[in-house]
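I opened this model to look up its confidence, its helices, its nonpolar cores and its aromatic pairs. My entries follow in the order in which I checked things.

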Amino acid sequence: MRGLASAVLGLEAIVLLLVVPVAVTVFDVDAAVGISAGVLLIVACIIAIAGLGRGWGYQLGWVVQVLAIGLGFVVPAMFALGGIFALLYFFALRIARQVELQNATREEPPADPAASS
């Protein structure tokens, strides 16, 4: 499950890195505010990726998704981009969970009919 979630968060960090100059130049966001908010979100993505192995990174990933959508109040395109990444994150977790369940059922040894007699 970590692989897909970390891929989505990593790509989101790159998109957030590209949003910072757009926010500062096109939408006239104060440079200090735009850069610090962007860096905080990027660092949150990286920390979430690091925390996926311990379990708490998944919740931090959801916080990042909400904040990315909220960034749409400053850069309107982020409503769409943040929503797309939230959907990608949701489906990444859902599909990865289904794959793990299928792999777990395949790894179970078949029942030995001679042992039950």
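I call a residue buried under 20% relative accessible area, exposed over 50% and partly exposed in between, with a 1.4 Å probe and protein chains only. By that scale F90, at 38% relative accessibility, is partly exposed.

Ground rules. This is a predicted model, in which local features need pLDDT of at least 70, side-chain atom pairs count only at pLDDT 80 or more, and totals for chains, interfaces and linings use all residues. Residues are numbered from 1 along each chain as its sequence is written, and side-chain values use heavy atoms, with hydrogens and water left out.

Confidence. I looked up pLDDT, the predictor's confidence in each residue from 0 to 100, and found a chain average of 91, with 91% of the residues scoring at least 70.

Cores. A nonpolar core is a set of buried Ala, Val, Leu, Ile, Met, Phe, Trp, Tyr and Cys residues joined through side-chain atoms within 4.5 Å. The largest one has 14 residues, and L16, V19, C45, L71, V75 and M78 have the most contacts inside it; α1, α2 and α3 are the elements that give two or more residues to this core. Leaving out residues up to four places away in sequence, V75 touches V19, V22, A23 and F27. Another core, of 10 residues, lies apart from the largest one and includes L9, L52, Y58 and F85.

Aromatic pairs. I count rings of Phe, Tyr and Trp (its six-membered ring) as paired if their centres lie within 6.5 Å, with planes under 30 degrees apart stacked, over 60 edge-to-face and the rest tilted; the structure holds three such pairs. In one of them, F73 and F79 have ring centres 5.0 Å apart and planes at 85°, so the pair is edge-to-face. F73 is exposed at 70% relative accessible area, whereas F79 is partly exposed at 37%. The rings of F90 and F91 have centres 5.1 Å apart and planes at 70°, so this pair is edge-to-face, and F91 is partly exposed at 37%.

Note on methods. Helix = DSSP H or I, 4+ residues; strand = E, 2+ residues; numbered from the N terminus. Contact = heavy atoms within 4.5 Å.
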